[in-house]
Amino acid sequence: MLKLPGNKMSNGIECNIICYMVLAFLVATAQGLQLSAFTTKSPRVSKYTTKSPSASSQNHDAITSLYRLNATNGVTCILMQVDGLISVRYRNKLNEDVEADLYMPDHPVLSGECVESNLEIMTMEFKGFTLTMTFKKSSGGEGWYINLFELSYSSSNPLFEHPDRPNLNVRLTSPAHTPMYFPTPVGKSYVCDKEQTVILYAPHDSGDQSGHIARIYLRDLHMQSFMFKDSGKWGPSFHCSATGSYRDETAPLAVGTALAIAVLLTISGYGGWRYFKIKKVQYGSME
């Protein structure tokens, strides 16, 4: 029987390499399955606290408000669940910059439009404020997003203490250079545990002299437009990532699967290379 020099040591090293590759394959596969089922909830970074839940309940629904807008035929077209807070910065008579805060209420006066196939509008009226959100579809019709936030009120609203410029009609909007908020595939609902912030300013051509700036804080956000479902229930979830970008809930599984395939191909390639190398050495030794 022919013996290859150093064959025992070589076989031991090769066995360790193969075992490592098999272990990596199993880990990659497991990660692909687990990442789709678990997400890491980012801590809230704003200085504001959420609404206090009722004493009898500490669950998610206790601190979020549900807003449902139905079309004229009674079918739900926009559905939003959120723990929302609006903060307005203004200047008082002492020439100090101060902030006034109010929560998005549980039961505002809701109105809107769900007639056009590519445009929907939801308006909330509460405590002298009017908040309007305009939803649009992407040019190809495959996605939806919020195109515009608009907040209107009087600078003499009781929320503001001694404003330097009372009796002004204030209209603040989201910047024109940020036309897409929360892009989501049509048929899916946008879900985000991370706090989202939208800043509103007076449009440059509005002539607004109030100097007000508003921030809308959206927490535990679950939202869907262009629904038109008789059941009025959420579509499949489309999650935001911790970095602020957006991903489909199937993305982690796809990444894990790709890693597993890459490891498997590496193992197969290594096995094939070893087979032909050993065969060549054995053939050369026999000669």
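In which strand is the place of threonine 76?

## Threonine 76

Threonine 76 belongs to strand β2 of this predicted model. Its relative accessible area is 5%, so threonine 76 counts as buried.

Two polar contacts involve the side chain of threonine 76. One, of 3.1 Å, joins threonine 76 to the side chain of arginine 68. Another, of 3.0 Å, joins threonine 76 to the side chain of asparagine 70.

## Aromatic pairs

The count of aromatic pairs comes to nine. One of them is formed by tyrosine 90 and phenylalanine 160, whose ring centres lie 5.0 Å apart. The planes of these two rings stand at 65°, and the pair is edge-to-face. The pair links distant parts of the chain: tyrosine 90 lies in strand β2 (residues 76-91), whereas phenylalanine 160 lies in the loop between β7 (143-154) and β8 (169-173). Tyrosine 90 and phenylalanine 160 are both buried.

Phenylalanine 182 and tyrosine 190 form a tilted pair, because their planes meet at 40°, with the ring centres 5.1 Å apart. Both phenylalanine 182 and tyrosine 190 are buried.

## Salt bridges

Side chains of opposite charge can pair when their charged atoms come close. How many salt bridges does the structure hold? The structure holds three.

Aspartate 97 and arginine 91 form a salt bridge through their side chains, with a distance of 3.0 Å from N to O. Aspartate 97 has a relative accessible area of 48% and is therefore partly exposed. Arginine 91 is also partly exposed, with a value of 33%.

Glutamate 150 and arginine 171 form another salt bridge, at 3.3 Å from N to O. This pair links distant parts of the chain, since glutamate 150 is in strand β7 and arginine 171 is in strand β8, 21 residues apart. The relative accessibility of arginine 171 is 36%, so arginine 171 counts as partly exposed.

The side chains of glutamate 195 and arginine 219 meet in a salt bridge of 2.8 Å, N to O. Glutamate 195 lies in the loop between β10 (189-192) and β11 (196-200), and arginine 219 lies in strand β12 (residues 213-229), so the pair ties together parts that are 24 residues apart in sequence.

Are glutamate 195 and arginine 219 buried or exposed? Glutamate 195 counts as buried, because its relative accessibility is 11%. Arginine 219 is buried as well, with a relative accessible area of 0%.

Note on methods: Residues are numbered from 1 along each chain as its sequence is written. This is a predicted model: local features need pLDDT of at least 70, side-chain atom pairs count only at pLDDT 80 or more; totals for chains, interfaces and linings use all residues. Side-chain values use heavy atoms; hydrogens and water are left out. Rings of Phe, Tyr and Trp (its six-membered ring) pair if their centres lie within 6.5 Å; planes under 30 degrees apart count as stacked, over 60 as edge-to-face and the rest as tilted. Helices (H or I, at least four residues) and strands (E, at least two) are DSSP runs, numbered from the N terminus. Buried means under 20% relative accessible area, exposed over 50%, partly exposed in between (1.4 Å probe, protein chains only). A polar contact is a pair of N or O atoms within 3.5 Å; within protein, one must be able to donate a hydrogen and the other to accept it, and residues adjacent in sequence count only if both atoms are side-chain atoms. A salt bridge is a side-chain nitrogen of Lys or Arg within 4 Å of a carboxyl oxygen of Asp or Glu.
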